[in-house]
Amino acid sequence: MLRLKSPKRVVYTCLFGNYETLNEQHCQNKKNIKFICFTDRDDLTSATWDIRRINTIEIGSSRESRRPKLLPHLYLSDYDESLYIDNRVVLKTDPSSLFDEFLPRGGPAFVCLRHPWRNCAFDEAEVIIQNTMDDESRVREQMDVYRNAGFPPGSGLIAGGFILRRHNQADVKRVSEIWFNHILRYSKRDQLSFNFIAWRENFSYKAIDLKLNSNPLFDWPVGERRIPYDFNAQEYLWLNPDVARACIDPHEHMFKFGYNEKRRYKYRNTLVLDKLANKYRTDKGSLYYNRHFYTRIYEYYLSPLRREEFTLLEIGLLRHDVQKASEGKSFDDTPSLYMWDDYFERAQIHGIDIADFSQAVRGKITFTQADQSNLDDLTRAVQRCNHEIRVIIDDASHASHHQQISLAFLFKHLARGGIYFIEDLGYQPPHLEKKDALKTRDFLYALQKKEPCHSPFISDEDVKYLVDEIAEIRFFDSMDYMGGPNSADALAVIRKR
């Protein structure tokens with residue numbers, strides 16, 4: 001009777017960079033399976049791991065560690081089967097039993113853990129971005145590519161800290177090479193790319209359901225805490241010049257001393273609102289379309305209101321070019337309102353637009369179809385506000401007469417101390433702007449300086465009301481540096497007394 005040759009097996013991990021200690025493995029190992037640690041360090045020693053130093057290719061320690069992790073066929077070709085474990089995983093059982101149970105002959109050649117908390121790469125991307133675990137622009141570009149390729153939301157998500165493989169098998173090698181290419185091109189967070197690649201390549205794998213921090217196979221996380229995901233070496237040296245003067249590696253200093261000494265490692269906190277703007281692809285953020293980065297101003301003024309009950313009223317709900325391309329249809333997407341709906345816990349988010357956005361209503365969002373230059377329409381919109389109006393944003397037609405008519409009427413309905421924003425003051429659409437119109441920016445300059453001014457679109461009585469009731473006007477530039485003079489003093493912030 002022909003006896004099948006027993007597969008040659010290995011357990012391995014990766015430890016790159018000077019900001020984590022290597023955890024020993026104390027489980028039973030009846031068949032003396034080799035434990036190998038790949039590293040770029042010269043100082044590692046271990047009682048249980050065979051330390052193997054590999055030359056780096058200058059892609060950063062996070063991506064360097066993904067090379068052996070994702071490409072074991074290049075580093076472990078002498079072995080038939082491999083178990084990758086994250087350095088913070090400590091096995092509680094004999095590794096041979098893991099191979100026997102989860103990687104049997106005839107079964108899938110790739111076995112991993114199912115992510116215990118999320119089932120969607122797009123949801124995981126938002127968590128990564130919100131926690132500054134990777135570069136936002138890189139992650140969003142990656143998700144845009146996957147979305148445009150037709151990758152369905154909710155298509156599964158793996159946890160990459162425990163992977164069993166027959167790594168020399170042709171389809172596993174092919175997928176592994178593609179996977180690593182995505183790590184080089186997009187996010188270093190490998191769980192973001194695996195399920196897309198498996199979907200696109202029609203790759204069959206098995207996902208095990210286990211609680212990461214409570215299961216019979218391993219303990220996790222073990223050991224000292226890691227360097228924060230959003231740690232930036234240059235920023236740390238700038239904030240801690242004594243470390244720079246001492247020529248100490250910033251990662252090593254943070255790991256050994258920085259935590260205990262409560263050293264600063266970030267110059268500023270994450271702008272939550274900007275992340276939401278980029279999530280919904282509004283040009284108020286810093287990544288998409290004109291990327292005005294108005295969110296830096298909005299967060300400064302509006303963050304104290306995040307848990308307050310009030311009405312935010314926004315005029316103009318979608319980019320003009322998008323609306324024009326689908327003229328006459330009902331729209332089901334309104335990026336900035338979705339941003340506000342996520343940002344504010346209790347506020348009514350009331351949108352006004354000349355087009356129909358009734359299909360976009362969700363959560364705390366309400367909508368009134370209205371012409372911003374029609375006072376009857378504006379009256380109807382105000383009557384539908386459930387709370388006092390403390391924030392008004394005009395991002396509508398950008399025509400001077402429309403802006404001034406809306407300002408004169410709606411400012412009277414703004415609560416005491418409320419804020420009125422007018423966006424994109426440097427742009428007036430040629431097909432709407434009236435000849436010889438007083439530009440809204442010039443009108444506001446005059447109001448700001450308390451100079452005599454007159455608008456042909458509103459009454460002198462309305463002008464007097466504005467003069468009497470405006471506490472301050474400030475102007476901020478758009479960060480759309482391609483906009484030329486249109487970028488200067490593009491956003492007006494008008495506070496009511």
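Is Tyr301 buried or exposed? I looked it up and found Tyr301 buried, at a relative accessible area of 9%; buried means under 20%, exposed over 50% and partly exposed in between, with a 1.4 Å probe and protein chains only.

Entry, basis. I am working on a predicted model, where local features need pLDDT of at least 70, side-chain atom pairs count only at pLDDT 80 or more, and totals for chains, interfaces and linings use all residues. I number residues from 1 along each chain as its sequence is written, and side-chain values use heavy atoms, with hydrogens and water left out.

Entry, aromatic pairs. I searched the whole structure and got 35 aromatic pairs. Rings of Phe, Tyr and Trp (its six-membered ring) pair if their centres lie within 6.5 Å; planes under 30 degrees apart count as stacked, over 60 as edge-to-face and the rest as tilted. I noted Phe162 and Phe218 as stacked, because their ring centres are 5.5 Å apart and their planes stand at 25 degrees. Phe162 belongs to strand 7 (residues 158-165) and Phe218 to strand 9 (residues 218-219), so I logged a link between distant parts of the chain, 56 residues apart. Helices (H or I, at least four residues) and strands (E, at least two) are DSSP runs, numbered from the N terminus. Phe162 is buried at 0% relative accessible area, and Phe218 is buried at 2%.

I then went back to Tyr301, whose ring centre is 5.1 Å from that of Tyr300; the planes are at 90 degrees, so the pair is edge-to-face. Tyr300 is exposed, with a relative accessible area of 60%. Both tyrosines belong to one aromatic cluster, along with Tyr298, Phe310, Trp340, Tyr343, Phe344, Phe421 and Phe476.

Entry, charges over rings. I counted a charge as over a ring if NZ of Lys or CZ of Arg is within 6 Å of the ring centre and within 35 degrees of the ring normal. Lys8 lies over the face of Tyr79, 4.8 Å from the ring centre. Arg362 lies over the face of Tyr338, at 4.2 Å.

Entry, helix 1. I checked helix 1 (residues 61-70) and found eight of its ten residues buried. Among them are Arg63, Glu64, Arg66, Arg67 and Lys69.

Entry, helices 4 and 5. The axes of helix 4 (residues 121-130) and helix 5 (residues 136-148) come within 10 Å and cross at roughly 170 degrees; axes are lines fitted to C-alpha atoms over the stretch in contact, with angles from 0 to 180 degrees between N-to-C directions.
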